[in-house]
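Try each task before you read its solution.

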Amino acid sequence: MSAADYDILVIGGGIQGAGVAQAGAAAGYRVLLLEKQAIASATSSRSSKLIHGGLRYLESAQFGLVRKALRERAILLRIAPELVRPVAFHIPVYKNSSRKSWKIWLGLSMYALLGELKSGACFKYFSKAQWPSRDGLNTEGLRAIYQYWDAQTDDAALTRAVMHSAIELGAELDCPAEAVSASYTDKLHQVRYRNRNGEKQITSHALVNAAGPWVNQVLEKIAPRSPRLEIELVQGAHLLLDAPAPSAIYYVEAPLDKRAVFIMPWQGKTLIGTTETRFEGEPDTVSPTEDEVRYLQSIYRYYFPKRPADIIDSFAGVRVLAKAEGSFFSRPRDTILHMSSPALLSLYGGKLTGYRATAEQVIAMLRPCLPGRTPKADTAKLMLHPQRD
Ligand SMILES: Cc1cc2nc3c(=O)[nH]c(=O)nc-3n(C[C@H](O)[C@H](O)[C@H](O)COP(=O)(O)OP(=O)(O)OC[C@H]3O[C@@H](n4cnc5c(N)ncnc54)[C@H](O)[C@@H]3O)c2cc1C
């Protein structure tokens, strides 16, 4: 194998890129990650901040995704206790809810089974006597409230912690540094990138495109041209409200279109999200639309009519979904790993929660194109700690 500056070059410093850098370095490879803005500056700081199996994915029969995510949730609760915390979820069921009480019971039972009935997998039903204390939740037509457990994180802090762990294992980070072009000659990727000092060129055995919503834009810069997945970009908005944090995450049904929406505690206030709106612009410019703001406000006022609802902040992120028929809500959410020869792997979509398992899969797929190295650590056992911005 010819000599290269690096074994793996990762483009993109969101959770997926940071995860691949960490898994690559843990497997003993020489890794360089390029990030054009700042670590976690895009989608990975604009999520709903949940580390969860994704109860709602059971509705679209994504059992494999849920099982894998629940396993990863258990690992993250163990290795990142300062960053990933268990949190109670409340599901109120009303007379006119489309998801009836038996369906929620069934869904939660399956969720507990897929979570291997470990601690935190249990769920319960609140008696009517406990309702009035539930954060001012609208009780008109209320039939039942279920409680189960999932986890919450600070998505940007988690991403920075994973990147820090990668660096401790020997990975290098260049940021801000934008990948400009790449070509493949003599069995090596020659990558040109631009940082504060001008343009640079380096070589690597493998190239990982973890550019999130820019994934296909990055593929266009790489020669030889390889087929790309047809995707749709779908934005999701959140509003931060000047209302005290609720005691749990409320998992409610939007009265208008029956989508599941979360009303969550966040930094002492109330966060509500999210939406699914087709996005066609440049991902850097994404922000909540007026329709999204109205939609989320109306859901909040419906469920918590007596709580303050002034908006103090709002943000939006862009999901990458494979192009398909049907509503955005029911589309598969698992990461798609798209390998183009030679040794070029692009990551499409996926969840924050599953970043570690995805990264391990990426390294396993690239291994045949990489030189032999001695592993240094196991990412399922490496502790993650909060880092400063
Ligand atoms: C609204 C919303 C809510 C979500 N909620 C959850 C949730 O609660 N739980 C969960 O598990 N998942 C959730 N997700 C999914 C999760 O947030 C994403 O899957 C994840 O953050 C994507 O990370 P990424 O690294 O692929 O992309 P990004 O975080 O977008 O990172 C891509 C990076 O690539 C960089 N880049 C692009 N081009 C270049 C270039 N040429 N050179 C160098 N760098 C470049 C960008 O600057 C960016 O930082 C949510 C997603 C959305 C949109």
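Predicted model: local features only at pLDDT ≥ 70, side-chain atom pairs only at ≥ 80, totals over all residues.

Residues are numbered from 1 along each chain as its sequence is written.

**Exercise 1: the ligand shell**

Work out which residues come nearest to the ligand, and why the ligand lies between two domains.

Step 1. There are 37 residues around the ligand, and Gly 12, Gly 14, Ala 42, Gly 212 and Gly 236 come nearest (near means a C-beta atom, placed from the backbone, within 6 Å).

Step 2. Sort the shell by type: 14 nonpolar, 17 polar and six charged. Here Ala, Val, Leu, Ile, Met, Phe, Trp, Tyr, Cys and Pro count as nonpolar, Asp, Glu, Lys and Arg as charged, and the others, Gly among them, as polar.

Step 3. Look for the elements that supply at least two shell residues each: helix H1 (15–26), strand E8 (177–185) and strand E16 (311–322) do. Helices (H or I, at least four residues) and strands (E, at least two) are DSSP runs, numbered from the N terminus.

Step 4. Domain 1 (6–43 + 156–228 + 334–369) and domain 2 (86–152 + 231–330) both give residues to the shell, so the ligand lies between them. Those bounds come from an automatic or database domain assignment.

**Exercise 2: helix H4**

Check the span of helix H4 (residues 155–168), then find how many of its residues are buried.

Step 1. Take 1.5 Å times one less than the number of residues. For the 14 residues of H4 that should give 20 Å, and the end C-alpha atoms are 20 Å apart, which agrees.

Step 2. Count the buried residues (20 or more other C-beta atoms within 10 Å of their own, all placed from the backbone): 12 of 14, so H4 is mostly covered.

Step 3. Those buried residues pack against H1, strand E2 (31–34), strand E6 (142–153) and strand E7 (172–174) (contact means C-beta atoms, placed from the backbone, within 7 Å).

Step 4. Just past H4, Gly 170 takes a positive phi of about 110°.

**Exercise 3: strand E18**

Step 1. Val 208 stands opposite Leu 345.

Step 2. Five of the five residues of E18 are buried, so the strand is largely enclosed by the rest of the structure.

Technical notes. Contact = placed C-beta atoms within 7 Å. Pairing = 2+ DSSP bridges.
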